[in-house]
Amino acid sequence: MDVFSQLEDFQLDVLKEVGNIGAGHAATALSTLLDKPIDMLVPKVRMLPFEEICESVGGAETVVLAIFLRVEGDAPGNMFFILDLDAAKNMLHDLVGLSIPDQEEYSELELSALNEIGNILAGSYLSSLADFTNLNMQPTVPALAIDMAGAILSYGLLQFGQMGDQALLIDTKFLEGENEVQGHFFLIPDPESFGKIFSALGVVSP
């Protein structure tokens, strides 16, 4: 039985719980930061091959906003939080109260706000996974990019070296009142890290 089958049978519920707890921590932190109630939902958690990441966000040539960072510690890897540009504008408007007119570039304040939201989200999910696995997993300082999805992943490969061939996808919905914004969170462990994570979660990797 391969890893995907094992996860389908046994561990996706655990990974969903990791996502839900991380989302809860992130919602609390964002509510405090923005001084307004923010709720977060995790509608879907799944494993997918590395090459399908771009397709899951609209294709390799789709322009997206991405916050990415390196995971260091017992199970090193890479993390990406990806929004399409409309979702990023909606997040700034609905959550932060900033508006970006069409065709205008993001200001330093707007980019800083998006980077901080991505940093909170990544840190919350990572600490949740670390708690479940009892592994030491620490995020580096995040970076932000606006580019085609394929170019961002290629840059990540150049920046961080080899990535694993499988990714954990956690779809994330931000809710503020009746407003809803959806993003995509990816954890791509290094090849040798998957075995450690699976073992800690009770799955023996092949």
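Visitor: Where in the chain is N134 placed?
Guide: This is a predicted model, in which local features need pLDDT of at least 70, side-chain atom pairs count only at pLDDT 80 or more, and totals for chains, interfaces and linings use all residues. Residues are numbered from 1 along each chain as its sequence is written, and side-chain values use heavy atoms, with hydrogens and water left out. Helices (H or I, at least four residues) and strands (E, at least two) are DSSP runs, numbered from the N terminus. By that numbering, N134 sits in the loop between α4 and β4 (137-139).

Visitor: Is N134 buried or exposed?
Guide: N134 is not a glycine, yet its phi is positive, near 60 degrees. Buried means under 20% relative accessible area, exposed over 50%, and partly exposed in between (1.4 Å probe, protein chains only). The relative accessible area of N134 is 69%, so N134 is exposed.

Visitor: What is the relative accessibility of D35?
Guide: D35 lies in the loop between α1 and β1 (39-49). Although D35 is not a glycine, its phi is positive, at about 55 degrees. D35 counts as exposed because its relative accessibility is 70%.

Visitor: How many helices and strands does the protein chain have?
Guide: Along the sequence, the pattern is α-β-α-β-β-α-α-β-β-α-β-β-α. Counting the elements gives six helices and seven strands.

Visitor: What share of the residues is buried?
Guide: Contact means heavy atoms within 4.5 Å. Of the contacts with a separation of 6 or more, 72% are between residues 24 or more positions apart. Among the 206 residues of the chain, the buried share is 50%.

Visitor: Why is the pair of F68 and F80 given its class?
Guide: The structure holds three aromatic pairs; rings of Phe, Tyr and Trp (its six-membered ring) pair if their centres lie within 6.5 Å, and planes under 30 degrees apart count as stacked, over 60 as edge-to-face and the rest as tilted. The ring centres of F68 and F80 are 5.8 Å apart and their planes are at 25 degrees, so the pair is stacked. F68 is in strand β2 (residues 63-73) and F80 in strand β3 (residues 77-84), 12 residues apart. Both residues are buried, and the class that follows from the 25 degrees is stacked.

Visitor: What is the volume of the largest cavity?
Guide: On a 1 Å grid over the protein atoms alone, a cavity is a set of points where a 1.4 Å probe fits but cannot get out, and lining residues have an atom within 4 Å of a point. Grid points are joined across faces, edges and corners, and a volume is the space filled by probe spheres set on the points. A search of the whole structure finds two cavities of 30 Å³ or more. The volume of the largest cavity is about 80 Å³.

Visitor: Which element supplies the largest share of the lining of the largest cavity?
Guide: The lining has 11 residues, with L15, M47, L168, F194 and I197 nearest the centre. At least two lining residues come from each of α1 (3-34), β7 (179-189) and α6 (191-200). The largest share, three residues, is from α6.

Visitor: Which element supplies the largest share of the lining of the second largest cavity?
Guide: The second largest cavity has a volume of about 50 Å³. Its lining includes V18, M79 and Y125. Two or more lining residues come from each of α4 (108-133), β6 (166-176) and β7. The largest share, three residues, is from α4.

Definitions and conventions
On a 1 Å grid over the protein atoms alone, a cavity is a set of points where a 1.4 Å probe fits but cannot get out, and a pocket is an open set with protein on both sides within 12 Å along at least five of seven lines; lining residues have an atom within 4 Å of a point.
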